[in-house]
Amino acid sequence: MNIATPIKSALAVRDQFPAIAGWHYLDSAATAQKPQAVIDAIANAYGRDYATVHRGVYERSASMTQSFEAARAATAALIGGAESEIVFTRGATEAINLVAQRHPKGGRSRVLLSALEHHSNIVPWQIAGYEIDVVPLTHYGQIDLDAAERMASEDHAIVAFAHVSNVLGSILDAKRAAEIAHGVGAKLLLDGCQAVPRLPVDVGSINCDYYAFSGHKLYGPTGIGALWGRAGLLDAMPPWQGGGAMIDRVTFEKTTYLPAPARFEAGTPHIVGAIGLHAAIDWTQAIGLDALHAHESSLVTECRDALREIDGITLFGPEDSAGIVSFALDGVHPHDIGTILDDESVAVRAGHHCAQPLMERLGVVATARASFAAHSDSSDIEALVRGLDKVKRIFG
Ligand code: PMP
């Protein structure tokens with residue numbers, strides 16, 4: 001690649017990220033760096049504004065409660081749901097565990113997953129005692145929905161797919177997945193961890209039943225995420241964890257519970273996390289998810305074109321991947337790639353990406369992965385290519 005290539009897509013927000021000065025951060029699919037607006041919101045929430053929520057009768061607590069509930073409204077609006085349908089969780093992992101543990105199976109014992117799922121959309125179903133069927137992938141690394149249609153049966157309580165793969169970047173045809181699930185009377189859960197930061201999502205038009213995501217991949221704090229569940233479904237689920245904030249009345253003989261979502265939020269919540277998430281949502285929406293998606297798509301194309309020039313490279317996943325480029329270099333372990341790139345101030349992820357079954361299907365032990373975000377630009381790709389040249393010289 002000609003390193004004088006002009007920047008093809010830049011949202012000009014790089015300066016807003018204090019952590020990436022002098023660094024080529026290409027690991028946003030693992031966790032996103034935080035813009036100053038989010039850092040400030042967190043600092044203010046712990047500083048100037050801090051108090052507990054829902055319980056205090058004093059003014060500060062009332063305004064903190066308002067901010068906390070405003071975060072719920074913003075989270076709902078981000079994905080087109082209603083406030084009463086948003087349960088704050090620690091992240092996508094906890095959201096999926098909640099559904100796996102509490103969704104009424106209605107006599108059905110199986111869950112339909114795909115070969116590209118993250119461990120957090122596999123293990124919770126195993127722990128909850130589901131039997132698992134695995135939909136294969138197409139040649140291009142998409143979940144094979146024709147196969148899913150053949151495999152879905154009335155034994156499936158749930159179909160649970162990644163909306164965007166964290167390894168391949170493949171984007172699911174989520175509406176079709178919903179039709180397939182509903183065609184056999186199952187519910188569709190979407191793992192939206194990688195979709196929410198980079199695609200406009202509308203649970204209503206998708207017609208899914210549950211949607212899970214994590215705040216930290218959306219430029220927000222760790223330890224906060226959300227489960228969206230269709231109202232009727234959340235109401236039908238028994239409580240999960242018991243404690244304060246989820247009860248209506250407690251006696252030693254019997255306890256009655258609040259309706260959803262409070263019923264699923266036992267204990268003091270991650271107040272500041274929710275407020276930070278709200279700031280992250282506002283920040284993302286100010287750019288616009290369509291613009292973000294277009295920006296990352298252009299970087300994916302540019303990156304794939306540049307990497308294709310390198311001898312011995314294998315690119316995984318579809319051409320129109322959402323923000324993610326996984327690759328391998330003949331004769332070099334991805335961990336060595338990652339270590340040498342680190343010396344060049346380029347951060348990529350190397351490993352199994354919490355998707356060991358997918359690695360097995362790809363026939364590799366690991367891949368290297370570059371993933372993009374709002375602050376990424378062509379200079380990151382140029383640094384990646386220079387770093388890979390060095391890898392080749394060392395292993396040449
Ligand atoms: N699903 C996908 C597709 C992911 O990329 C991740 C995070 N790598 C998760 C689930 C789990 O998210 P968390 O660890 O934030 O709960």
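Mentor: Start with the term: buried means under 20% relative accessible area, exposed over 50%, and partly exposed in between, with a 1.4 Å probe and protein chains only. Helices (H or I, at least four residues) and strands (E, at least two) are DSSP runs, numbered from the N terminus. This is a predicted model, where local features need pLDDT of at least 70, side-chain atom pairs count only at pLDDT 80 or more, and totals for chains, interfaces and linings use all residues. Residues are numbered from 1 along each chain as its sequence is written, and side-chain values use heavy atoms, with hydrogens and water left out.

Trainee: Which residues are buried in helix 6?

Mentor: Helix 6 covers residues 174–183, and its buried residues are A174, A177, A178, I180 and A181. The arc, that of the directions from the helix axis to the C-beta atoms, is only 165° for them, so they sit on the same side of helix 6.

Trainee: Which exposed residues does the face turned away from the buried side carry?

Mentor: That face of helix 6 carries E179 and G183.

Trainee: What covers the buried residues of helix 6?

Mentor: Contact means heavy atoms within 4.5 Å. The cover includes helix 5 (145–151), strand 5 (156–162), strand 6 (187–191) and helix 7 (203–206).

Trainee: What is the phi of G185, which follows helix 6?

Mentor: The phi of G185 is positive, near 75°.

Trainee: How many of the 396 residues of the protein count as buried?

Mentor: The share is 55%. The protein has 13 helices and 15 strands in total.
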